[in-house]
Amino acid sequence: MTGTIILGSGMAAWGATDRLLAEGITPRLFDKNPFPGGHTATFENNGFLFDDGPHISFTSVERMQQVFSDAVDGQYEILRADVDNWYQGHWVVHPAIANLHGLPTELVARIIEDFVDVSAKPTPDHFANYYDWLLTAYGQTFADNFPSAYGRKYHTVDPTLMNTSWLGPRLYRADLGEILRGALAPSPGKQHYVDTFRYPKRNGFAEYLKAFHAGTELHLGHEAVAIDPEQSTVRFGNGTIERYDCLISSVPLPELIKMLPAPPDVVDAAGRLSCSQCVVVNFGIDRDDLSPCHWRYVYDEDIRSVRMSFPHMFSSSTVPPGHGAVQVEVYYSDKYKPLDHRPEEEIEPVRRELIAMGILREDDTYLVEEARYIPYANVIFDLDAGPCTEIVHGYLADIGIEYCGRYGDWAYIWTDESYMSGERAVERSLAGR
Ligand SMILES: Cc1cc2nc3c(=O)[nH]c(=O)nc-3n(C[C@H](O)[C@H](O)[C@H](O)COP(=O)(O)OP(=O)(O)OC[C@H]3O[C@@H](n4cnc5c(N)ncnc54)[C@H](O)[C@@H]3O)c2cc1C
């Protein structure tokens, strides 16, 4: 494995590199971007730092906490997550199911009635789709008004078209007592699957990967465009050709398959994998009292903003003193909700929405107003995802190319899990030899 090439320079590439270095193997890394880090890059504009979509570290894996901590010499903030939700003119503490107090009485009553009804039924051992799961977990009124509505905005697809393989701890399951207490009185209950989180004290989330990038042979501006598995070569867009003994890729599967002489069934399967695209709209403002919460979800389907986060609350070093910032995510997908306009055209409608929700004001001074396009955001777990991923992974295993990371595993995984996925790719490769 002396001639090991890694495609990518994000979290998965970091995990793969560390694992290889532990074996005494120094890989060469190639990334198509002119900057390192993939999704964990941080961008500066007019003294404000914005990550590539909001990024915080909430790993509960102690080893990974240590890896992240060591990477920044222990220089990180630990914060308790404050999270809430916007629902039809109300701010509701997260999770909404356990904090219904203040919502219209009729809605709350129907949510509780439905919840009692479904709780009396035996839990099925199989769910046809995500909507089915939501009905069983919450009853119809809550499912329709909250997670289904949010799911259509975030995943861009109706929950009836999604599987449940990605759920894990993401959705909070409350019991009746908790729901009743949260409905009868304001509750202090903040039950997000992220309880506390960490964020570097300086330079944004990208700081976690700085030492990794500094210590590797990293070739930026190298977009892999063709792979010849027979000859064990990768051709890059700039004309260079590199030979490999071992190839580890964190490139999104649909892009990777386009580079390979794959058979038609694999090409077809890769073409049916779908992922959302995200437009992040960033505002830098001359005041910091924008929000009491670190991030806020928006359930209303007639509002395009899906989630709003406030980088100056992750670390004040991300903004000039006394200033504040908000980053808003808006989601699209080629398959279900194509983006038919320039990302910049999101700025004005999002600003209007934030003013209507009382986050921004007409008379604010905007030091940054920008939109960034993220072509691969969240894997969409539609009903094609499972079988198609299996076909693509099977083919890559046959031709000896290791895949890793969020878009190589084709999974709903976070930074820590992407790092560990890179480690696993190396271990598979070592085992295969
Ligand atoms: C909006 C958003 C918010 C998120 N928030 C969080 C969070 O708060 N906390 C958290 O832990 N996780 C978060 N995540 C998930 C996290 O970003 C990912 O799990 C992780 O960064 C994925 O790392 P990766 O290395 O697998 O992929 P990437 O970071 O995408 O790396 C893939 C690399 O491959 C390169 N590449 C692609 N094609 C080619 C090619 N043809 N040739 C060469 N190089 C190529 C890319 O440029 C990129 O550098 C978030 C993700 C999104 C989209």
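## Ser421 in helix 14

Ser421 sits in helix 14 (415–432), where helices (H or I, at least four residues) and strands (E, at least two) are DSSP runs numbered from the N terminus. This is a predicted model, in which local features need pLDDT of at least 70, side-chain atom pairs count only at pLDDT 80 or more, and totals for chains, interfaces and linings use all residues. Residues are numbered from 1 along each chain as its sequence is written.

Is Ser421 buried or exposed? Ser421 counts as buried because it has 22 C-beta neighbours inside 10 Å. The cut-offs are 20 or more other C-beta atoms within 10 Å for buried, 12 or fewer for exposed, and partly exposed in between, with C-beta atoms placed from the backbone. Beyond its neighbours within four places in sequence, Ser421 is in contact with Ala12, Gly15, Cys404, Gly405, Asp409 and Ile413; a contact here means that two C-beta atoms, placed from the backbone, lie within 7 Å. Gly37 lies 384 residues from Ser421 in sequence, with 16 Å between their C-alpha atoms.

## Around the ligand

Helix 14 also takes part in the shell around the ligand: both this helix and helix 1 (11–22) supply at least two residues. Helix 1 gives the largest share, 3 residues. There are 35 residues around the ligand, and Gly8, Gly10, Gly38, Gly53 and Gly405 come nearest. To be near, a residue needs its C-beta atom, placed from the backbone, within 6 Å of the molecule or strand.

By class, the shell holds 15 nonpolar, 14 polar and 6 charged residues. Here Ala, Val, Leu, Ile, Met, Phe, Trp, Tyr, Cys and Pro count as nonpolar, Asp, Glu, Lys and Arg as charged, and the others, Gly among them, as polar. Domain 1 and domain 3 each provide at least three residues of this shell.

## Three domains

How is the chain divided into domains? The assignment gives domain 1 (4–40 + 209–272 + 383–432), domain 2 (83–184) and domain 3 (276–374), with bounds from an automatic or database domain assignment. The centres of domain 2 and domain 3, taken over C-alpha atoms, are 25 Å apart. Their contact takes 15 residues from domain 2 and 17 residues from domain 3. On the domain 2 side, strand 6 (83–87) and helix 6 (147–154) are the elements that give two or more residues. That side has 8 nonpolar, 4 polar and 3 charged residues.

## Helix 4 and its buried side

Helix 4 (residues 130–138) has Tyr130, Tyr131, Trp133, Leu134, Ala137 and Tyr138 buried. They lie on the same side of helix 4 because they cover an arc of only 155° around the axis, judged by the directions from the helix axis to the C-beta atoms. These buried residues pack against helix 3 (105–119), helix 5 (140–145) and helix 6. Gly139 follows helix 4 and has a positive phi, near 85°.

## The loop at Asp288

Asp288 belongs to the loop between strand 14 (276–285) and strand 15 (295–298). It counts as partly exposed because it has 16 C-beta neighbours inside 10 Å. Leaving aside neighbours within four places in sequence, Asp288 is in contact with His312, Gly322, His323 and Gly324.

## The whole chain

The protein chain has 14 helices and 19 strands, and 44% of its 433 residues count as buried. Among contacts with a separation of 6 or more, 74% join residues 24 or more positions apart. Its C-alpha atoms fill a box of roughly 70 × 55 × 45 Å along the principal axes.
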